[in-house]
Amino acid sequence: MKKLNFTLLFLLGLIFITGSFLVNLYFVFRYNEVIIKEASRAFFQEIMITREWNASMGGIYVPVTDHVTPNEYLDDPKRDITATDGLKLTKINPAFMTRQMAEIARIKDGVQYHITSLNPIRPANKPDPWERNALLSFETGNRECFEMVKQDSLKVFRYMAPVFVDRSCLNCHAKQGYKIGQIRGGISVTMKSEGYFTAVHNQILIIAILFLFLLIAGSAALLFFKNMMQKQFQVIIQQNEELQKNIHTKDTLFSLVSHDLKSPLSGALGLGEVIQTEGDSMSKEELINISRMILKSTRQTYQLSEQLVTWYSTQKGIGEFDPETLVLKTLVESCIELLQVRSKEKEISIQNLIPGDLAIEADKNMTEAILRNLIGNSLKFTPKGGHISISARLSEEHEVLEICVEDDGIGMPAKTVHALMTFDFQTPALGTENEKGTGIGLTLCKEFIKRHHGTFRIESDEGKGSKFIFTLPLTKKPR
Ligand code: HEC
């Protein structure tokens, strides 16, 4: 399985998210600018409509007051007239009206506009530098200027478009030589930027929160995914390891067993052949002797094959675990009986020191196999005339029974004990002189004890004997 590169995935995601965030930022600025531009345009159009209306009337008359005095630049013989009731009236041309409206707008909503020209009749109408540039650009065909500029340390949006001469303008502007369609000047609209910046800030804040959330959620999802993948990966590795171990175990087992099965069998075969060819000339005593040897080899082979079958079934999970209440003393008794022939042969006494009232909660077949294996083992490593005893005592917590199979045999060095305890078919043959067999017996014992959640240990003194101690659960049922 190819491993996914999560760092790369994360980086790609990060680049994508940051990228789209920046694109979003750009559009926030653009969008808000467009709004301001549209608002400026609308302002401009409205002024133009009012102006057009005024111009189409050839100017309009209003009463003269403190604020509205006759326009000194308006060169018109009918500029000032008197109504029949004596009220003084003066003509207001579009530019004058624009100036007066601009004054009101400035006070009311902070929008400023200015009517100007590169060639002003009224000197105060002359353009500022920004307006001048805009007007010059109109002369070369440009029809609109929009820009954010700094004005008195404040940022403002400035908009400007040209005003063209039409028939209605000629009444007053023909004298200056203007013709229809020419640019007379322009009107600039100046808007404050506060509203714009608050809008932009708020929108950016929302987008930033959104993207941060996206980033966190994305990272979390990625991490979760990564963890999941890793776990699955781990499981596969573990399964693979187990499989390898299994194969190795079977391989080792096969080579060990083929050796251990072969030698006693070939011994028995050889002896059988001797009887076949020379049986006639043998004495009864000789025949009995040979048959005893054949029996010994066959028994050894049988025992090994029995152990093999049991071990295999535990590995396969065939061996059923079925605990029941068992009287330990009787179990031990029947085991000793089974091994009687061999113990008599070696003149070894086996003592059952288990008290009659001890009951355990254990699987009968497994417990028998443990006892048979351990006692059989002691028989093998105890010289003629030795002693074996089986005893039991309650553990300190009174929860389990500690059972001890003890012999005064040859014992074994610490190294061998360690090898026996760790042997699980992974470590090949034990290699010291005392061990015969494959270790299947002990492995089986360990396996069965483990099934009972028990412990197992060996105490041994070289030359003095060994103790095999294991625990089994006490019965909980009252007897
Ligand atoms: C009733 C006369 C009258 C009419 C009609 C008129 N104007 Fe003017 N206009 C003036 C006067 C007088 C001024 C100069 C002083 C001022 O600011 O009032 C002026 C100023 C201007 C200015 C400002 C620059 C400057 O020269 O000071 C522009 C631009 C302008 N007019 C454009 C127009 C256009 C375009 C029309 C036609 C739609 C028009 N006017 C119609 C009388 C008129």
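This report covers the confidence, domains, sheets and helix packing of a predicted model.

## Confidence

The protein chain has an average pLDDT of 87. Of its residues, 91% score at least 70. Among the elements of the chain, helix H3 (residues 129-139) has the highest confidence, at 97. Helix H6 (residues 284-316) has the lowest, at a mean of 80.

One stretch needs separate mention. Over residues 426-435 the pLDDT is below 50. Beyond near neighbours in sequence, this stretch has 16 contacts in the model.

## Domain layout

The protein chain is divided into domain 1 and domain 2. Domain 1 takes in 6-58 + 93-192. Domain 2 takes in 321-473. The C-alpha centres of domain 1 and domain 2 lie 105 Å apart.

## The four-stranded sheet

An open sheet of 4 strands runs in the order S4-S7-S6-S5. Its pairing is antiparallel. Strand S4 (112-116) and strand S5 (145-151) are the edge strands, and each pairs on one side only. From one strand to the next, the twist averages 25 degrees.

S4 and strand S7 (residues 183-192) are antiparallel and share 5 bridges. Tyr 113 has Val 189 in S7 as its bridge partner.

Helix H1 (residues 6-56) lies across S4, S5, strand S6 (154-164) and S7. Its direction is at about 135 degrees to S7. Helix H2 (residues 94-109) lies across S4 and S7. H2 runs at about 165 degrees to S4.

How do H1 and H2 cross? Their axes come within 9 Å and cross at roughly 140 degrees. H1 and H2 are therefore oblique to each other. H1 passes H2 in a right-handed crossing. On the H1 side the contact is made by Ile 47, Arg 51, Asn 54 and Ala 55. On the H2 side it is made by Pro 94, Met 97 and Thr 98.

## The five-stranded sheet

A second open sheet has 5 strands in the order S9-S11-S12-S14-S13. The pairing here is mixed. S9 and strand S13 (456-461) are the edge strands, each pairing on one side only. Neighbouring strands of this sheet are turned by 15 degrees against each other on average, direction ignored.

Where does parallel pairing occur? Strand S9 (residues 349-352) and strand S11 (residues 387-394) pair in the parallel sense, over 4 bridges. Ser 349 has His 387 in S11 as its bridge partner. S11 also pairs with strand S12 (residues 400-407). These two run antiparallel and are joined by 7 bridges. Ile 388 stands opposite Asp 407 in S12.

S11 and S12 form a hairpin with 5 residues between the strands. In this hairpin, His 398 takes a positive phi near 60 degrees.

Phe 456 has Phe 470 in S14 as its bridge partner.

Helix H7 (residues 328-338) packs with helix H9 (residues 364-380). H7 lies across S9 and S11. It runs at about 165 degrees to S9. H9 lies across S9, S11, S12 and S14. H9 runs at about 25 degrees to S12.

The packing angle of H7 and H9 is about 45 degrees, with their axes 10 Å apart. That makes H7 oblique to H9. H7 passes H9 in a right-handed crossing. From H7, the contact is made by Leu 331, Val 332, Cys 335 and Leu 338. From H9, it is made by Thr 367, Glu 368, Leu 371, Arg 372 and Ile 375.

Note on methods:
Residues numbered from 1 in each chain as written. Predicted model: local features only at pLDDT ≥ 70, side-chain atom pairs only at ≥ 80, totals over all residues. Pairing = 2+ DSSP bridges. Axes fitted to C-alpha atoms, helices over the stretch in contact; angles between N-to-C directions. Contact = placed C-beta atoms within 7 Å. pLDDT = per-residue confidence, 0-100. Domains from an automatic or database assignment. Parallel < 35°, antiparallel > 145°, perpendicular 65-115°, else oblique. Left-handed = near helix turned anticlockwise from the far one by under 90°.
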